Amino acid sequence: QVQLVESGGGLVQAGGSLRLSCAASGRTLVNYAMGWLRQAPGKEREVVAAINWSGGSLYYADSVKGRFTISRDNAKSTVYLQMNSLKPEDTAVYYCAVDLRLTKIRAAPGRGWTGDYWGQGTQVTVSS
């Protein structure tokens with residue numbers, strides 16, 4: 001069984017930064033794609049960023065390109081999301097996700113990816 005625990009969310013002013021962390025436990029996740037999804041009130045959950053097992057392939061939604069950076073530390077079973085130049089429209093619950101169906105894939109999953117295990121989510125609120 002996989003457990004994912006997010007941390008680092010909070011309230012920040014527009015233009016500010018936050019760093020989200022996701023710690024995994026229960027089994028090693030070094031061979032699997034991981035990423036971050038978000039869901040704003042009244043909207044569908046969407047993938048924000050994803051990373052393949054080695055960290056050599058990354059995906060970003062157009063809305064966050066150039067502002068967010070995803071990374072992973074397989075030795076610590078942790079994935080990160082550095083969020084800079086935050087905007088009010090980034091306000092959402094952010095979920096860490098892993099996909100056990102995508103083992104050692106070359107390319108990071110992209111648009112439409114949902115993962116198959118998720119954390120409980122962490123709230124990010126950006127004030128204008």
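The structure holds zero aromatic pairs, a pair being defined by ring centres of Phe, Tyr or Trp (the six-membered ring for Trp) that lie within 6.5 Å. The model is a predicted one, in which local features need pLDDT of at least 70 and side-chain atom pairs count only at pLDDT 80 or more, whereas totals for chains, interfaces and linings use all residues. Residues are numbered from 1 along each chain as its sequence is written, and side-chain values use heavy atoms, with hydrogens and water left out.

Charges do sit over rings, by the criterion that NZ of Lys or CZ of Arg is within 6 Å of the ring centre and within 35 degrees of the ring normal. Arg19 lies over the face of Tyr80, at 4.1 Å from the ring centre, and Arg45 is placed over the face of Tyr95, at 3.8 Å from the ring centre.

One disulfide is present, the term denoting a pair of cysteine sulfur atoms within 2.5 Å. It is formed by Cys22 and Cys96, whose sulfur atoms are 2.1 Å apart, and the torsion about their S-S bond is about -80°, so the disulfide is left-handed. The pair links distant parts of the chain, with Cys22 in strand E3 (residues 18-25) and Cys96 in strand E9 (residues 92-103), 74 residues apart; strands here are DSSP runs of at least two residues, numbered from the N terminus. Both Cys22 and Cys96 are buried, where buried means under 20% relative accessible area, exposed over 50% and partly exposed in between, with a 1.4 Å probe and protein chains only.

Trp118 belongs to strand E10 (residues 117-118) and, at 40% relative accessibility, counts as partly exposed. The side chain of Trp118 reaches the backbone oxygen of Thr114 at 2.6 Å.

Arg67, by comparison, is located in the loop between strand E6 (58-60) and strand E7 (68-73) and is buried, with a relative accessible area of 10%. Apart from residues up to four places away in sequence, Arg67 touches Gln82, Met83, Asn84, Ser85, Leu86, Lys87 and Asp90. Trp118 and Arg67 are 51 residues apart in sequence, and their C-alpha atoms are 23 Å apart in space.

Conventions. Helix = DSSP H or I, 4+ residues; strand = E, 2+ residues; numbered from the N terminus. Polar contact = N/O pair within 3.5 Å; in protein donor to acceptor, adjacent residues only side chain to side chain. Phe/Tyr/Trp six-rings, centres within 6.5 Å; stacked < 30°, edge-to-face > 60°. Contact = heavy atoms within 4.5 Å.
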